[in-house]
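Open the structure in your viewer and keep the sequence panel beside it.

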Amino acid sequence: MTLRLLALSSLMLSAAVGGAQTERVTVRMAPAPNQTLHQRTTQDTELTTETEAGAGSDKPIPAMAMSMRAVVDTTSAVGPTDHDGHYSARVTIDAITATATMNGREMPVPSQVTAAATQVITFSYDENDKVIDVSTGDSAGAAIDAAKQILMRAFATVAPMTLSVGESVTLPTAVNLPMPSGGAAVPMGIAGETRYTLISVTFDGADRIAHLASHTTSRITQAPAAPGSPFGFDMTMMGDGKSDVNVDRGIVLHAEQRSTIEGTLHAGSAGMAMPNMRTHGTFATVSDLVK
């Protein structure tokens with residue numbers, strides 16, 4: 001009798017564990033409507049640029065090592081859905097700070113960076129919780145563009161995923177270069193994908209917390225002849241990340257992505273006495289919900 005009870009208990013436990021492992025959950029990377037969230041996003045970038053081996057030039061360019069850090073505090077007011085199921089999140093930049101060094105020497109940070117504080121960036125979502133538009137209204141400038149790029153990495157750009165523990169899904173990736181921009185906007189060729197894997201599901205009270213791992217590969221190209229650009233580039237990026245998502249409230253509690261960059265910079269015109277340059281480095285973006 002005892003052996004039978006032990007065997008029965010074992011079978012029931014196995015069934016319970018198996019059921020928990022195969023339960024599928026829908027993970028939404030977009031904030032659910034009708035809530036206000038406070039977030040802090042930090043981006044660290046390390047880039048080194050060197051003259052490409054064998055490049056002929058009577059004016060060799062010394063290697064440049066650049067280090068940048070940007071910290072953005074935001075408040076996101078997520079509104080209700082409309083009759084089509086669409087909704088918007090108005091993200092106000094409460095504070096933004098940035099530091100940079102070149103070859104170990106501190107570089108001045110443009111005043112436009114701190115001036116980006118109090119600006120509003122609006123993320124618009126469709127009925128499937130996927131970003132369909134990002135607007136800065138009448139605001140423009142390098143600082144706003146840089147903040148927009150950083151926040152695009154912190155906020156959802158993919159539709160919800162339904163997974164069981166251990167299951168993966170691969171989706172196209174929207175990539176924004178973590179480099180400052182100040183010139184005219186130029187078209188870039190971007191091809192990439194991200195594989196998301198559901199590692200586990202835990203509980204915070206009654207709320208389910210999904211823990212995801214991700215791996216991204218991307219290639220970014222821009223032709224040297226693009227109007228308004230002094231150079232073109234061909235870069236590859238590979239990175240790994242993880243996210244903790246409150247499934248029931250649609251809140252990304254923590255997200256991080258760490259990537260490596262390798263590529264070549266090309267002179268923007270035949271008349272420019274500049275050799276091709278190799279660039280490589282790393283960047284990391286970390287975003288946390290501030291309670």
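The lining of the second largest pocket is made up of five nonpolar, three polar and four charged residues. Here Ala, Val, Leu, Ile, Met, Phe, Trp, Tyr, Cys and Pro count as nonpolar, Asp, Glu, Lys and Arg as charged, and the others, Gly among them, as polar. The model is predicted: local features need pLDDT of at least 70 and side-chain atom pairs pLDDT 80 or more, while totals for chains, interfaces and linings use all residues. Residues are numbered from 1 along each chain as its sequence is written, and side-chain values use heavy atoms, with hydrogens and water left out.

To see this pocket, select Thr36, Leu37, His38, Asp204, Asp207, Asn246, Arg249, Ile251, Leu253, Leu289, Val290 and Lys291, which line it. A pocket is an open set of points on a 1 Å grid over the protein atoms alone where a 1.4 Å probe fits, with protein on both sides within 12 Å along at least five of seven lines; lining residues have an atom within 4 Å of a point. Its volume is about 150 Å³, counted as the space filled by probe spheres set on the points, which are joined across faces, edges and corners. Strand 2 (35-51) and strand 13 each give two or more residues to the lining, and strand 2 gives the most, with three. Strands are DSSP runs (E, at least two residues), numbered from the N terminus.

Next, select Val245. Leaving aside neighbours within four places in sequence, Val245 is in contact (heavy atoms within 4.5 Å) with residues including Val27, Met29, Leu212 and Ile251. Val245 is also one of the residues that touch the most other members in the largest nonpolar core, which has 14 residues. Such a core is a set of buried Ala, Val, Leu, Ile, Met, Phe, Trp, Tyr and Cys residues joined through side-chain atoms within 4.5 Å, where buried means under 20% relative accessible area (1.4 Å probe, protein chains only).

Then move to strand 4 (residues 87-102) and strand 3 (residues 64-78), which pair in the antiparallel sense over 13 bridges; two strands pair if DSSP finds at least two bridges between them. Val78 stands opposite Ala89. Strand 4 also pairs with strand 6 (residues 120-125) in the antiparallel sense, over six bridges, and there Val91 has Ile121 as its bridge partner.

Which residue in the hairpin of strand 4 and strand 5 takes a positive phi? Select Asn103, where phi is near 50 degrees.

Notes: Buried means under 20% relative accessible area, exposed over 50%, partly exposed in between (1.4 Å probe, protein chains only). Helices (H or I, at least four residues) and strands (E, at least two) are DSSP runs, numbered from the N terminus.
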